[in-house]
Amino acid sequence: MLRLKNSVFVIALLAALSNGAGAQQREDDYVPAPLQPSPTPVAAPARPRLVVPTLMTMPSVPATKGTESDANDFRVLSTSTYTPTPTPAPYLHQGVYVTTLDGRVVMEQGAGEAFNPASAVKLATALKSLRDFGPEYRFSTVIWTTGVFNKETGTLTGDIMVSGRDPSLHSEHAVDIARELNRLGIKTVTGDLYVSPGFTMNFSSTARYSGEGFYDTLDSTRRPAAATRAWFDALLARKDQAGLASSPSVSVMGAVYVAPVPAGARVLLTHRSSALTDLLKVLLCYSNNFMAERLGESVGGPTGLRQFLIEEFDVPEWEVRLASASGLGINRLSPRSMMKVYAGLRKELAKHGLEPSDILPVAGVDPGTLQKRYAASAARGSIIGKTGTLGRTDGGASALVGELRTQSGETLLFVIFNRRGSVYRFRQDQDALVRSLQFARGGPAPFAYVPHTLAMRLADTEFNARTKAKGEYESISN
């Protein structure tokens, strides 16, 4: 075992988040890089910096147990035999845990200390969703009616209702629904539009606003220009040339109300979202908090996720605390426990013939939180991971969890947590550590990965006319 002293790295890499569509509701409290270095007060104590192992053989330097220097030193293990040494030190700024694919520990620092994983919590949400629903699961949005339809006039006399909890439902999907209603012959609804209490659209957390947006988007005379553009983008993504020449429209003459679907209502059609793996790819690339919270509600919320981690991965109860399914707020998990979550996610994906890159962003290739990190370096495409950012919570928290590939053919899994400091500098530290791990093994090597546009992933929806969706009926007593 080698004990290495702290080193200082100066890296000019800016880790910026993407401003692309779907990026709203991304990681909380994003802190941009300063335009120029801020002056450091003379009396301020030096912040413990990241330690990166080198290829040099260095003599072991004795250190006094319990000192800050000791608590922030790395333990680099050259064998698989290792004794955990928890370091519950309040001044510990970083926690690191690196393993091989077969679980041999390569490096650890504060591995048993509970950090705020920030948006890396979304990995647990993704795993529980895959476990409960399966990768091909599609969320249903169902259109109901209690009215009478006159096909000659295209008029539905009565009300229509909408139910569903699709976390990805957006304006372009509402236009698609109008198109399908037109195919059934429906052009006008004389009554009101009712949306179920759990219905949301365009990442709005209220059924009322979502219902009003849905109402406007159905009608081409009221449709926002942004909704039309989004629909055209979806048509282009799926190469639907016929759709480009159409102008779907359903006019609802009444008002918008929030209420459960009444007993006796009949199904007009069912819209099904893209497959869960596609939703997860968008969610994790952009770190979309809204989608994560909606998925979290479907798998038991923070309480259910916490119990899942305790029972499934034998995580000590005192070590895990979850305030949200997205990573917002005060959450706690140790690097070692987060490694169990990530390894469990890889195992769940492998059961279905999937790779981590099927749901996680590939650095420098996919849009979103890792789009610009490593993009201009040899490491582009060689890192798959999930970021976490909270600019104020816990004095500034940052995380990077995932895997890296090297020229030696080795794949390493890593968890890096940071707290109480500059998020910008934490990202520099994380990148330095990842780079050192790769260059100690011959340099970075890209994963075999063919990217697909995220617009296509969300456009791959389905329709079933007049079919009742299992689990979507909301009785009047709900």
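**Salt bridges and cores in a predicted model**

Arg183 and Glu180 form a salt bridge, with their closest N and O atoms 2.7 Å apart; the term means a side-chain nitrogen of Lys or Arg within 4 Å of a carboxyl oxygen of Asp or Glu. About one helical turn separates the two, because they are three residues apart in helix α3 (residues 171–183). Arg183 is exposed at 55% relative accessible area, whereas Glu180 is buried at 17%. Buried means under 20% relative accessible area, exposed over 50%, and partly exposed in between (1.4 Å probe, protein chains only). Helices (H or I, at least four residues) and strands (E, at least two) are DSSP runs, numbered from the N terminus.

This is a predicted model, in which local features need pLDDT of at least 70 and side-chain atom pairs count only at pLDDT 80 or more, while totals for chains, interfaces and linings use all residues. Residues are numbered from 1 along each chain as its sequence is written, and side-chain values use heavy atoms, leaving out hydrogens and water.

The structure holds 19 salt bridges. In one of them, the side chains of Glu312 and Arg131 meet at 3.1 Å, N to O. Glu312 is in helix α9 and Arg131 in helix α2, so this pair ties together parts 181 residues apart in sequence. Both residues also belong to a network of salt bridges with Glu348 and Lys351.

The largest nonpolar core has 56 residues. Such a core is a set of buried Ala, Val, Leu, Ile, Met, Phe, Trp, Tyr and Cys residues joined through side-chain atoms within 4.5 Å. Among the members that touch the most others are Leu123 and Met338. Helix α7 gives the largest share, eight residues.
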